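Thanks for coming. Please have a look at the model on the screen, and I will then go through a few local features.

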Amino acid sequence: MTDLNKINSVFVEKLKTIKSKDELQHLKTEFFGKSGEITNQFKKLSSFQGEEKKKFASSLNKLKDNFINLINKKFSEFESLEINKKLKDENIDISLPIRPFNQGKIHPVSQVIDEISSIFSEIGFSIAEGPDVETEYNNFTALNTPENHPARDMHDTFYLEKNKKLLLRTHTSPVQIRTMLNGKPPFKIIVPGRTYRSDSDQTHTPMFHQLEGLHIDKDITMGHLKGCLNYFVNEFFEIKNIKMRFRPSHFPFTEPSAEVDIQYKIKDGKIIIGEGDKWLEILGCGMVHPNVLNNVKIDTKKFQGFAFGMGIDRLAMLKYGINDLRSFFDSDYRWLNHFGFDPLDVPTNYRGLSR
Ligand code: PHE
């Protein structure tokens with residue numbers, strides 16, 4: 001019995017010094033392992049008889065159960081210490097200042113393309129696209145622009161090969177050709193995209209953006225063209241009854257051709273659209289030339305229509321009061337932050353269409 005008391009006090013003392021789960025495991029082996037103290041006492045059992053055996057067995061079992069309980073209790077203590085430490089280490093410090101957050105902005109050109117696309121889609125136009133690198137055939141020849149036409153001049157056009165067969169498109173009009181070659185009339189498309197001309201000053205950059213329009217069907221007239229552009233201008237500038245004027249002009253691929261001017265005035269150094277008696281040119285247009293329709297094998301006795309082309313950057317400058325076109329393409333974040341649009345702000349004339 002005294003043996004058991006001694007074992008008990010040794011165990012209790014040792015348990016006090018235990019500092020980790022590992023040490024606890026060692027202690028367990030020391031007492032319950034193959035030649036552990038408790039195991040040895042159980043081996044002794046057979047040397048007792050009768051009452052004595054019973055008593056000893058009962059005390060030994062009690063001792064064993066007590067040890068096991070103490071070990072388990074210690075084990076849980078270590079477990080909760082570990083969990084608490086983990087919780088403390090992984091805690092979010094809500095007093096920390098937030099990291100700087102830069103929200104992106106939508107470039108005015110992207111914004112205006114979205115606005116224009118949504119205005120034209122409302123009246124049944126769909127969006128077509130074409131490559132920036134074009135053949136001189138699509139860019140000029142098929143558009144009834146003869147070999148010696150000044151528009152083909154080396155000074156304006158970026159040719160990509162000595163033989164002048166490939167170039168950077170000078171306007172979005174070649175997509176008229178691509179669309180008509182690839183399908184059957186009727187056609188009713190708009191084409192936003194990048195265009196290139198060798199030119200650079202406050203209102204010209206070598207790369208700029210145009211939006212082409214093409215509507216071919218039976219019985220399409222200049223009246224439809226006027227109605228369509230009139231609707232567009234009022235919607236785009238969000239002003240009712242802007243005065244427009246169709247001024248006779250010339251493009252090789254339209255006949256008759258016109259340029260469209262809108263009414264404006266200057267007040268305190270700022271352009272005000274829709275008021276005053278000055279005229280501002282905003283686009284070129286006309287009835288598609290029969291030679292163009294013949295080039296894409298459309299029967300001119302059955303089909304006819306109109307086309308127009310406008311400078312997107314210029315429209316963005318006018319609508320949002322930006323006066324240097326070159327700043328559009330400087331990639332200056334401060335500029336974009338000022339003139340750009342919040343991605344979550346839905347423009348007033350947005351109709352649920354995105355590019
Ligand atoms: N492509 C012409 C330009 O770049 C614009 C235009 C398009 C004119 C369609 C008439 C018809 O100036």
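This is a predicted model: local features need pLDDT of at least 70, side-chain atom pairs count only at pLDDT 80 or more; totals for chains, interfaces and linings use all residues.

Residues are numbered from 1 along each chain as its sequence is written, and side-chain values use heavy atoms, with hydrogens and water left out.

Start with Phe125, in the loop between α5 (108–122) and β1 (126–127). Helices here are DSSP runs of H or I with at least four residues, strands are runs of E with at least two, and both are numbered from the N terminus. Phe125 has a relative accessible area of 5%, so it is buried. Buried is under 20% relative accessible area, exposed is over 50%, and partly exposed is in between, with a 1.4 Å probe and protein chains only. What does Phe125 touch, leaving aside its neighbours within four places in sequence? Its contacts include Phe120, Ile190, Leu214 and Phe306, a contact being heavy atoms within 4.5 Å.

Now the surface. Val133, Leu160 and Leu166 make a nonpolar patch of about 220 Å². Areas are Shrake-Rupley values with a 1.4 Å probe, and for residues only the protein chains shown count as cover. Patch residues have over 30% relative accessible area and no salt bridge; like charges are joined within 9 Å, and nonpolar side chains (Val, Leu, Ile, Met, Phe, Trp, Tyr) within 5 Å. Val133 lies in strand β2 (133–135) and is partly exposed at 39%.

A patch of negative charge gathers Asp153, Asp156, Asp199 and Asp201. Asp and Glu count as negative, Lys and Arg as positive, and His and the chain ends are not counted. The charge is placed at CG of Asp, CD of Glu, NZ of Lys or CZ of Arg. Asp153, at 34%, is partly exposed.

Last, the salt bridges. There are 20 in the structure, each a side-chain nitrogen of Lys or Arg within 4 Å of a carboxyl oxygen of Asp or Glu. One of them pairs Arg169 with Asp132 at 3.8 Å, N to O. These two partners sit 37 residues apart, Arg169 in the loop between β3 and α7 (174–182) and Asp132 in the loop between β1 and β2. Arg169 is buried at 2%, and Asp132 is buried at 19%.

Arg245 also forms a salt bridge with Asp261, with the closest N and O atoms 3.0 Å apart. Arg245 is in strand β6 (244–251) and Asp261 in strand β7 (254–267). Arg245 is partly exposed at 31%, whereas Asp261 is buried at 2%.
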